[in-house]
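User: Hey, I've just been handed this one and I'm new to it. Can you walk me through a few parts?

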Amino acid sequence: HSHKNSISCSHCSVSYHPKCAKLTPNDILNLDRNSWTCSSCTCEMLPMGLVSSLETIPSGSVVEKRTLNVSKVCSVCNKFGNVKKMDICWICDQHVHSSCSLSTLGCITCHRNTFPNYTSINAGHYQSSNSALFNPYATDNDTAYVGHSRLEESLSNQWDIPSDLLTACRYYPSSSIRTTGDDKLQVFSMNIRSLAKNLDYLRENIELYSKFDLLCLNETNCNPSNLPFGGSELILPGFHPPITQNPARKSNKGGGLAIYINQKLCEATSITSLDNLCENVDPNKGEFLTVEIQRENTKNIVISNYYRSPSTSSSTFTEYLESHLTRMNRHKNKVILLLGDGNINLLDYGKADQCTKFVDKMSEFGFAPLISRPTRITDHSATLIDPRTLR
């Protein structure tokens, strides 16, 4: 090749034959000779991992495309990966390989730190500490709307207790559950997805469940009057006959509520169903079952168990909830528990409008959530849709 056919690097000024620079005739016609750089200089100027083996790149135009395939170190395995094919963990905002990501559960590292008991539950190992995920009352959280640091101190401090409770929320193995004394109330709440089908399971594990003062079950899919023995077969050892409510749907599916009260907590005559605080007519309003337990020398207890089907309107449910909470105001001098399955993910507080309205409405009436951890965890998601609130 003659000198006039050579091409010089704009960075190091070294001249190359087009063939030695692995440039085709078409590349020579289209590239800018005044800005072309050789492969050696390109490797020095670009960050580590930005391009792979430039000696195999045949043209300047291809180099430009390759530089877009930026490599980053995976925060989990510390190996390089193509940023286009990597995920970004929503918890730590770091790039991770798809194989190192657990989708909505975050990357493997954050998942282990945030949900330690989920990853080790089969092995029976539990960690004693965990950082709260849901806490709209933390005064040091700029995204908190309730108990915000910009509020007057007198207004902000009233949310310190619920904030501390949420921070202290932990997962515990069933083996750590102990029978409580008279000064405590231990409540079990669960979406049982058919009480009749899971009744044998409750009986087989009655030693565990009898440690709870209350069992609040939702989505029982059960109309006791349709059972062979009229509902008497629903009785659990050590508990009073359950207070039940039929599903709002005529099909008796996708709803239904039940409350079991431990015989150690009170006598059967101390239990009253509050019919004006029960609802099972319109599925869109949600289903509510409320009872009062009279106790001597201490405040009465009001328990309101509820359920909303995910196929119904969350906005209609929240609107009716306000009416329900207003009527519960007459019991403001009692211990009030409002718990159930609203199919509203509290982890979306501040991001999803209906979730924010739901939590704010509860707070407006003095109800504070007691759980900050996901209550439903699958292979691909973690949600807090079963809140327990106390007034």
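User: In which sense do β9 and β10 pair, and over how many bridges?

Analyst: This is a predicted model, to start with. In it, β9 and β10 (residues 257-261) run antiparallel to each other and pair over three bridges. One detail you can look up there is Thr244, whose bridge partner in β10 is Ala258.

User: What sheet are they in, and what's the strand order?

Analyst: They belong to an open sheet of four strands, ordered β7-β8-β10-β9, with mixed pairing. The edges are β7 (187-191) and β9 (243-245). Each of these has a single partner strand, so one of its sides has no neighbour in the sheet. From one strand to the next, the twist averages 10 degrees.

User: OK, loops now. What's the phi of Asn252, between β9 and β10?

Analyst: Asn252 has a positive phi, near 60 degrees, and it is a residue other than glycine.

User: Is Asn252 buried or exposed?

Analyst: Buried, since its relative accessible area is 16% and the cut-off for buried is under 20%.

User: And what about Glu219, where is that?

Analyst: Glu219 is in the loop between β8 (214-218) and β9. Its phi is positive too, about 55 degrees, although Glu219 is not a glycine. With 14% relative accessibility, Glu219 counts as buried.

User: Switching topic: which residues touch the most others in the largest nonpolar core?

Analyst: That core has 29 residues, and Leu325, Phe358, Val359 and Met362 touch the most other members. Elements giving two or more residues to the core are β13 (301-307), α10 (314-328), β14 (335-341) and α11 (353-364). The largest share, five residues, is from α10.

User: What does Leu325 touch?

Analyst: Leaving aside residues up to four places away in sequence, Leu325 touches Leu338, Lys361, Met362, Phe365 and Phe367.

User: How do α10 and α11 pack?

Analyst: Their axes are 10 Å apart, at an angle of about 5 degrees. That makes the two helices, α10 and α11, roughly parallel.

User: Which residues meet there?

Analyst: From α10 you have Ser314, Ser315, Phe317, Thr318, Leu321, Glu322 and Leu325. They meet Gln354, Lys357, Phe358, Lys361 and Met362 of α11. Sorted by class, the contact between α10 and α11 has five nonpolar, four polar and three charged residues.

Terms used: Residues numbered from 1 in each chain as written. Predicted model: local features only at pLDDT ≥ 70, side-chain atom pairs only at ≥ 80, totals over all residues. Heavy atoms only, no water. Core = buried A, V, L, I, M, F, W, Y, C linked by side-chain atoms within 4.5 Å. Buried < 20%, exposed > 50% of the residue type's maximum accessible area, 1.4 Å probe, protein only. Contact = heavy atoms within 4.5 Å. Pairing = 2+ DSSP bridges. Axes fitted to C-alpha atoms, helices over the stretch in contact; angles between N-to-C directions. Parallel < 35°, antiparallel > 145°, perpendicular 65-115°, else oblique. Nonpolar A, V, L, I, M, F, W, Y, C, P; charged D, E, K, R; others polar.
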